[in-house]
Amino acid sequence: RAVAMSVSHSSRLNKLVREQYMRLPQDGRVQVTYVWIDGSGEGVRCKSRTLEKEPKSIEDVPEWNFDGSSTAQAEGSNSDMFLVPVCMFRDPFCLDPNKLVLCEVLKYNRKPAETNLRHTCKKVMDLVKDSHPWFGMEQEYTLLGINGHPYGWPDNGFPGPQGPYYCGVGADKVYGRDIVESHYKACLYAGVKICGTNAEVMPSQWEFQVGPCEGIEMGDHLWMARFILHRVCEDFGVVATLDPKPMTGNWNGAGCHTNYSTEEMRREGGLKHIEAAIEKLSKRHDYHICVYDPRGGRDNSRRLTGHHETSNIFEFSAGVANRGASIRIPRQVGQDGFGYFEDRRPAANCDPYAVTEAIMRTTVLNETGVETKDYADH
């Protein structure tokens, strides 16, 4: 009874009835779901429309608009916001030929909305494209019941201490695997570059990985993977939170570790380029902390304590195979002398556009200090 009460009412509707309607033909028309980031910088919104034929490329999807006053992105007296399609995926919920389309949000004057961090990220990625930056991001998240309590945890207590849950197997060690596997399959179907998943250290905490992605593709694919996660959780009646520290006390927080390399780092002798990039990052720690969560570092301050496999938010550190460092060089990379490194500082609720842009500004464009350059005119 306790488990049944922790899921939403809508998840208990008879899904077989829905399937009857989902099998109906569409007579050549296509359902397109537009997805965008709302005014919180963390939430995603969506709405759908009909196109008369299947779009073959993103150019075939028309711009649209929405009421920004209802998403904390505009005033009611001037509320129309533009949805500009940027990346298209197959729809794992309504199936082919239907589409999911990720959009940038522009204001009435065609300038990017405050939480449209893709706009400047794209400019930076275009500038550094010759370095061929590859990213892989490890998205940690926690499953909650509809009551806000971690899914599967005792109603009036806590599970046993951390230890048996990471990559665990068994009903007493992992909670919600059905959700995780459904999300994985849905991402594969959609064309999201998901590359793995595992149970994490805290019970009901999970992780999926997206990548390798080049340039702007990293943010596009991670945001769509997040949308699909929330949508799958909706079907199961539970909530996925990206809060960096959902449970206080002796429990692991949630990050979005970012693996990164340039072409020269991946070549023979690339370790010297990795070390040079880490040196640049060490001198700009405060700037990166400010952009690695949506609240200028306040969210990460709850997570980056120097405990629970994290570095201290006030100190920069780097090391081989050290999960307590700001930057980890994998042991294999240290042995091979080339490859990539992992920035372990980004919070689970970071904006991947902000994270990848910051890394490129520091390591390739050689920016210093806390101010960023405007490359709009270059």
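Strands S1 and S2 run antiparallel and are joined by eight bridges, where strands, like helices, are DSSP runs numbered from the N terminus (E, at least two residues, for strands; H or I, at least four, for helices), and two strands are said to pair if DSSP finds at least two bridges between them. This is a predicted model, in which local features need pLDDT of at least 70 and side-chain atom pairs count only at pLDDT 80 or more, while totals for chains, interfaces and linings use all residues. Residues are numbered from 1 along each chain as its sequence is written, and side-chain values use heavy atoms, with hydrogens and water left out.

S1 is mostly covered, since seven of its eight residues are buried, that is, under 20% relative accessible area with a 1.4 Å probe and protein chains only (exposed is over 50%, partly exposed in between).

S1 also pairs with S5, here in the parallel sense and over four bridges, and the bridge partner of Tyr34 in S5 is Val101. S5 (residues 99–106) in turn pairs with S4 (residues 80–90) in the antiparallel sense over eight bridges; in this pairing Phe89 has Leu100 of S5 as its bridge partner.

Taken together, five strands form an open sheet of mixed pairing in the order S2-S1-S5-S4-S3. Strand S2 (44–51) and strand S3 (64–67) stand at the edges with a single partner strand each, so one side of each is left without a neighbour in the sheet. From one strand to the next the twist averages 40°. Helix H5 (residues 217–236) packs on this sheet and touches S1 (30–37), S2, S4 and S5, its direction making about 115° with that of S5; contact means heavy atoms within 4.5 Å, and the axes are lines fitted to C-alpha atoms, for helices over the stretch in contact, with angles from 0 to 180 degrees between N-to-C directions.

An unreviewed UniProt entry annotates residues 30–110 as "domain: GS beta-grasp". Over residues 30–110 the chain is 0% helix and 48% strand, with the end C-alpha atoms 28 Å apart.

Elsewhere, Leu144 is found in strand S6 (residues 134–144) and is buried, with a relative accessible area of 13%. The residues that Leu144 touches, not counting those up to four places away in sequence, include His149, Tyr151 and Val239. The C-alpha atoms of Leu144 and Val239 are separated by 5.0 Å, although these residues are 95 residues apart along the chain.

Key
UniProt positions renumbered as here; feature names shortened; annotations may be inferred.
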